[in-house]
Amino acid sequence: IRWQWLKFFMCCLEWNRIFSDTIQEQIMTDKTSKHIASKLKQFRLQKSLTQLELAEKASINSNYYAKIERGDVKPSVETYEKILKALGVKSSDVFPF
């Protein structure tokens with residue numbers, strides 16, 4: 001019986017480690033998404049563009065762009081490339097890495 005408890009305890013420790021890593025990764029990802037979203041909004045406003053105008057310049061859906069700017073979605077690299085070109089900024093101006 002002690003062996004079974006030990007196996008159960010070890011399994012719980014491993015699950016906790018995996019779960020903690022996943023939560024930490026999600027927090028980091030959300031933090032990065034919010035940072036990028038904030039920078040996109042900052043540059044858009046500096047250019048005096050509406051979300052609709054920028055979305056049209058980038059050839060993406062305006063509702064989808066609004067979600068990107070709120071940090072609600074994680075777009076593809078290609079979508080970021082379109083947005084950055086439409087804004088006329090470098091990736092290093094937006095991405096924190």
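# Reading a predicted helical chain

Me: On one side of helix 4, Val 77, Glu 78 and Lys 85 are exposed. Which residues of helix 4 are buried?

Reply: This is a predicted model. An α-helix has 3.6 residues a turn, so residues three or four places apart point the same way. Helix 4 spans residues 77-87, and its buried residues are Thr 79, Tyr 80, Ile 83, Leu 84, Ala 86 and Leu 87. Viewed along the axis of helix 4, the buried residues fall within an arc of 160°, so they line one face of the helix. The exposed residues Val 77, Glu 78 and Lys 85 are on the other side.

Me: What are the buried residues of helix 3?

Reply: In helix 3, residues 62-70, they are Tyr 65, Ala 66, Ile 68 and Glu 69. Their arc around the axis is only 160°, which puts them on the same side of helix 3.

Me: What caps the N-terminal end of helix 3, and what follows helix 3?

Reply: The N-terminal end is capped by Asn 61, with a side-chain oxygen 2.7 Å from the backbone nitrogen of Asn 63. After helix 3 comes Gly 71, with a positive phi near 80°. Helix 4 is likewise followed by a glycine, Gly 88, whose phi is positive and near 70°.

Me: Which residues other than glycine have a positive phi?

Reply: Ser 48 and Ser 59 are two examples, each not a glycine. Phi of Ser 48 is about 55°, and the residue is found in the loop between helix 1 and helix 2. With 61% relative accessibility, Ser 48 counts as exposed. Phi of Ser 59 is near 55°. Ser 59 sits in the loop between helix 2 and helix 3 and is exposed, with a relative accessible area of 57%.

Me: At what angle do helix 3 and helix 4 pack?

Reply: Two packed helices are described by the angle between their axes and the distance between the axes. For helix 3 and helix 4 the angle is about 95° and the axes are 12 Å apart. That makes helix 3 roughly perpendicular to helix 4. Tyr 64, Tyr 65 and Ile 68 of helix 3 make the contact with Thr 79, Tyr 80 and Ile 83 of helix 4.

Me: How do the axes of helix 2 and helix 3 cross, and what distance do they come within?

Reply: These axes come within 9 Å and cross at roughly 110°. Helix 2 is therefore roughly perpendicular to helix 3. On helix 2, the residues involved are Gln 51, Leu 52, Leu 54 and Ala 55; they meet Ser 62, Tyr 65, Ala 66 and Glu 69 in helix 3. Tyr 65, Ala 66 and Glu 69 are also among the buried residues of helix 3.

Me: Is Arg 44 buried or exposed?

Reply: Arg 44 is in helix 1. A residue counts as buried under 20% relative accessible area, so Arg 44, at 7%, is buried. Its side chain reaches the backbone oxygen of Leu 49 at 2.8 Å. Beyond four places in sequence, Arg 44 touches Leu 49, Thr 50, Gln 51, Leu 54, Tyr 65, Glu 69 and Leu 87.

Me: Where does Lys 47 lie, and what does the side chain of Lys 47 reach?

Reply: Lys 47 is in the loop between helix 1 and helix 2 and is partly exposed, with a relative accessible area of 41%. The side chain of Lys 47 reaches the backbone oxygen of Leu 87 at 3.1 Å. Lys 47 and Leu 87 are 40 residues apart along the chain, and their C-alpha atoms are separated by 7.5 Å. Leaving out residues up to four places away in sequence, Lys 47 touches Leu 87 and Gly 88.

Me: How many helices and strands are in the protein chain?

Reply: There are five helices and zero strands, so the order from the N terminus on reads α-α-α-α-α. Of the 97 residues, 27% count as buried. Among contacts between residues at least 6 apart in sequence, 59% join residues at least 24 apart.

Me: Which elements have the lowest and the highest mean pLDDT?

Reply: The lowest mean among the elements, 71, belongs to helix 1 (residues 2-46), and the highest, 97, to helix 2 (residues 51-58). For the protein chain the mean pLDDT is 83, and 70% of the residues reach 70 or more.

Key
Residues are numbered from 1 along each chain as its sequence is written. Side-chain values use heavy atoms; hydrogens and water are left out. Buried means under 20% relative accessible area, exposed over 50%, partly exposed in between (1.4 Å probe, protein chains only). Helices (H or I, at least four residues) and strands (E, at least two) are DSSP runs, numbered from the N terminus. The arc is that of the directions from the helix axis to the C-beta atoms. A polar contact is a pair of N or O atoms within 3.5 Å; within protein, one must be able to donate a hydrogen and the other to accept it, and residues adjacent in sequence count only if both atoms are side-chain atoms. pLDDT is the predictor's confidence in each residue, from 0 to 100. Contact means heavy atoms within 4.5 Å. Axes are lines fitted to C-alpha atoms, for helices over the stretch in contact, and angles run from 0 to 180 degrees between N-to-C directions. Angles under 35 degrees count as roughly parallel, over 145 as roughly antiparallel, 65 to 115 as roughly perpendicular and the rest as oblique.
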